[in-house]
Protein chains: 2
Amino acid sequence: MTKFLKVISASEVQQILDQFAPLDFEPVHLNAATGRVLASTIVARENIPAFPRATMDGFAVRARDVYGASDTIPALLEVVGKVEMGEAAEQPLAPGQVIAIPTGGMLPPGADAVVMVEHTQPLDDRTIEVTRPAAPGDNVLQVGEDLRLGDEVLPAGHRLRPQDVGLLAALGTISVEVHRRPRVAVISTGDEVVPAGTARLPLGKTRDINSFSIAGQLHQTGAIAALCGIVEDSLPQLTAACRQALENHDVVLLSGGSSVGARDYTIQVLESIPDAEILFHGIAIRPGKPTILARIGRKVFWGLPGQPVSALTIFTAFVKPLLERLEGERKRNIPQGATRQAELSTRLPSVHGRADYAPVVLEERNGSLWATPLFGKSAMISLLSRADGYVMVPEHSEGLDQGTQVTVQLFSR
Amino acid sequence: MTKFLKVISASEVQQILDQFAPLDFEPVHLNAATGRVLASTIVARENIPAFPRATMDGFAVRARDVYGASDTIPALLEVVGKVEMGEAAEQPLAPGQVIAIPTGGMLPPGADAVVMVEHTQPLDDRTIEVTRPAAPGDNVLQVGEDLRLGDEVLPAGHRLRPQDVGLLAALGTISVEVHRRPRVAVISTGDEVVPAGTARLPLGKTRDINSFSIAGQLHQTGAIAALCGIVEDSLPQLTAACRQALENHDVVLLSGGSSVGARDYTIQVLESIPDAEILFHGIAIRPGKPTILARIGRKVFWGLPGQPVSALTIFTAFVKPLLERLEGERKRNIPQGATRQAELSTRLPSVHGRADYAPVVLEERNGSLWATPLFGKSAMISLLSRADGYVMVPEHSEGLDQGTQVTVQLFSR
């Protein structure tokens with residue numbers, strides 16, 4: 001029987017994850033860029049706007065011509081034309097003149113402000129009254145006021161959101177360098193595991209759950225999942241399957257086979273791979289203690305617990321952050337991922353010396369959000385589906401009292 | 001000039017959205033089910049587990065045989081065999097006997113509890129000492145304790161998360177009926193709009209932003225986006241493009257052309273379609289007032305503002321919830337989507353009589369999360385990208401004070 005090698009704390013795991021380097025780059029078209037992580041900083045290659053633009057429908061004016069204008073003493077000005085939307089405004093404005101302009105239209109030479117159409121009154125075809133004053137720049141977006149040539153627009157390591165893709169479009173950048181998405185092989189093992197499609201379950205067996213719940217997680221994380229199915233709990237078969245998976249993927253996720261039972265071959269598989277470095281074997285948390293992380297050159301190997309609740313918790317807490325790191329994402333100073341603040345509706349007991357990740361259900365009552373721990377046995381697969389997320393009870397705590405404000409890390413939708 | 005027809009409040013918009021019915025059904029394989037919405041309720045077709053399972057490594061016992069066992073007075077029991085992982089346990093247990101059993105193994109007939117291996121001591125090949133008592137059911141998951149035949153497992157209208165897909169796998173359900181994903185056509189219009197790939201921007205023009213930021217949003221929402229490009233700001237061309245898009249899609253999103261300017265043809269396009277019903281034209285919010293919603297039979301038509309900040313805000317606040325509704329998602333009693341509670345770092349002024357959706361940046365300082373409003377002109381496209389989300393200032397408020405606890409609706413990542 002192999003012993004647990006290096007049982008470490010959750011924060012030590014985090015330090016180890018922080019040492020992995022991002023994957024290499026590839027170009028993507030803007031159509032497919034949402035959710036990808038920038039490999040290099042984007043700099044504005046021109047001023048936006050490139051010309052002074054009206055931000056309201058109205059009339060382009062010289063501010064000095066409407067100085068002191070009011071309802072009782074309006075300014076009388078001559079209408080000499082109209083700016084066409086999307087056209088270069090070339091007709092200059094002489095003193096005492098205005099030109100009609102639409103929102104987004106280009107300010108003509110000589111004009112320095114826009115008065116809103118609501119503050120004007122036509123007198124005849126060629127003349128309007130302006131009933132409000134305007135300061136230079138009123139209702140105008142100046143050249144480069146939005147983005148200036150050379151401005152840093154988006155930093156390397158930023159995961160592109162829809163609005164960022166819109167900004168790239170505004171800059172005429174229709175292809176960007178992003179980090180490659182991790183290619184992840186998913187393998188299940190365990191003599192009790194049979195394919196999910198098995199209609200009549202033989203006594204003693206369970207269907208393969210982890211391949212599907214992990215692939216679903218990978219899908220949402222932006223990784224490319226390859227389901228490698230169930231591999232028999234035998235050392236030669238598992239070794240062959242893992243070696244094969246390592247060849248074609250950046251990350252291998254093996255669930256099952258990481259505990260200390262006689263049939264738990266993961267460590268033996270790793271020991272047979274010459275340059276495999278086992279970074280830890282066992283985390284002082286519950287659930288999910290029997291977790292293995294190894295590095296093989298630039299590849300990553302996770303041995304996840306076979307128990308589905310544990311596998312999902314470890315994925316959310318550790319595997320996903322590492323995948324985001326491989327994708328090049330740099331952490332910002334706001335909490336990442338979807339979390340919610342809630343009050344604990346009952347006491348949540350724990351054991352000193354290990355961090356507990358307790359599944360909870362969220363409920364809104366009387367305008368507050370309450371987190372209720374699910375106390376079912378952690379072998380119950382339905383726990384997974386009843387939980388909205390988990391609450392972490394720190395290592396050096398004997399539990400959290402009812403009414404404690406907690407941060408719930410949501411399992412992704 | 002067309003007048004705004006039916007300017008309504010944000011809550012009236014919500015009531016209108018609530019009246020749309022979901023799209024029809026289609027089967028999907030479990031591999032592709034994450035993120036889809038169940039069309040019918042899933043019921044357990046068998047007990048899980050189907051056999052009593054050990055939840056610890058140890059020995060299957062008859063609880064009465066270890067009654068009162070302790071370190072000083074251990075129970076001496078005969079080891080008569082071993083349960084193989086994944087096999088049916090058929091060897092019955094007679095009084096005074098135990099059988100070795102792995103976590104997840106099937107409890108043999110006659111046994112009613114498992115004692116952990118840590119609480120046993122081998123004496124010889126055939127005999128162990130048990131140093132702890134056990135109650136019937138200890139360290140055992142009973143038949144149907146996780147899910148009972150006939151239990152409602154997941155309700156219709158539930159959006160499947162990775163753990164739900166795992167649960168379906170556990171039940172042997174590898175294909176489920178889900179609602180169809182909305183097919184959405186995206187059209188941009190405006191004489192000033194040129195393709196994003198335009199290298200040298202002519203004076204007066206801007207590049208097409210909305211097609212890309214909206215497609216990015218659709219991608220994250222689970223809708224199927226079709227980019228139809230930029231359509232000229234002419235009534236016949238716009239009418240032809242919209243009619244064509246309505247034929248092949250469930251939803252048409254037209255950005256630009258929904259204001260009251262001379263070139264704003266959206267209402268005229270809708271008026272030319274015989275069974276188009278304009279549900280509203282204008283929402284009393286800022287930004288995004290010039291928004292149109294129409295129903296054409298079972299199809300949905302949105303006229304979105306051309307201004308990118310407005311288009312994104314309206315998408316997040318109204319278009320996305322309607323798409324989720326079309327996909328059949330039923331609201332739960334916890335807030336949906338990604339929100340964060342934060343404190344306002346400065347006063348956020350507003351105008352009585354219209355709801356303001358103010359873009360904010362989130363920052364963590366001294367352990368609290370702060371939301372700082374972005375006060376740039378709303379025509380600035382870089383606002384989009386600097387904002388993490390928005391704060392809603394209600395219609396009947398003149399602003400929110402510094403330090404107010406606010407809910408930030410995040411723009412999706």
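Helices here are DSSP runs of H or I with at least four residues, strands are runs of E with at least two, and both are numbered from the N terminus. The model is predicted: local features need pLDDT of at least 70, side-chain atom pairs count only at pLDDT 80 or more, and totals for chains, interfaces and linings use all residues. Residues are numbered from 1 along each chain as its sequence is written, chains are lettered from A and ligands numbered from 1 in the order in which they are written, and side-chain values use heavy atoms, with hydrogens and water left out.

The helix of chain B in this pair, α2(B), spans residues 162–170; its axis and that of α3(A) are 7 Å apart, and the packing angle is about 155 degrees. Axes are lines fitted to C-alpha atoms, for helices over the stretch in contact, and angles run from 0 to 180 degrees between N-to-C directions. The crossing of α3(A) and α2(B) is right-handed; that is the term when the near helix is turned clockwise from the far one by less than a right angle, and left-handed is the term when anticlockwise. From α3(A), the residues Phe212(A), Ser213(A), Gly216(A), Gln217(A) and Gln220(A) meet Pro162(B), Gln163(B), Val165(B), Gly166(B) and Ala169(B) of α2(B), where contact means heavy atoms within 4.5 Å. Sorted by class, this contact of α3(A) with α2(B) has four nonpolar, six polar and no charged residues. In this scheme Ala, Val, Leu, Ile, Met, Phe, Trp, Tyr, Cys and Pro count as nonpolar, Asp, Glu, Lys and Arg as charged, and the others, Gly among them, as polar.

The next pair takes α2 from chain A and α3 from chain B. The axes of α2(A), residues 162–170, and α3(B), residues 210–221, come within 7 Å and cross at roughly 155 degrees. That angle makes α2(A) roughly antiparallel to α3(B), and their crossing is right-handed. Here Pro162(A), Gln163(A), Val165(A), Gly166(A) and Ala169(A) meet Phe212(B), Ser213(B), Gly216(B), Gln217(B) and Gln220(B).

Within chain A, α3(A) also packs on another helix. The axes of α3(A), residues 210–221, and α6(A), residues 308–326, come within 11 Å and cross at roughly 25 degrees. The two helices are therefore roughly parallel to each other, and their crossing is right-handed. On the side of α3(A) the contact is made by Asn210(A), Ile214(A), Gln217(A), Leu218(A) and Thr221(A), and on the side of α6(A) by Pro308(A), Ala311(A), Leu312(A), Phe315(A), Thr316(A), Lys320(A) and Leu323(A). By class, these are seven nonpolar, four polar and one charged residues.

Two strands pair if DSSP finds at least two bridges between them. Strand β13(A), residues 183–189, and strand β17(A), residues 251–255, run parallel and are joined by five bridges; Val186(A) has Leu253(A) in β17(A) as its bridge partner.

Strand β5(A), residues 75–82, pairs with β9(A), residues 127–130, in the antiparallel sense over four bridges. In β9(A), Ile128(A) is the bridge partner of Leu77(A), and Glu129(A) that of Leu76(A). Three bridges join β5(A) to β6(A), residues 97–101, and these two strands run parallel; Lys82(A) stands opposite Ala100(A).

Terms used
Parallel < 35°, antiparallel > 145°, perpendicular 65-115°, else oblique.
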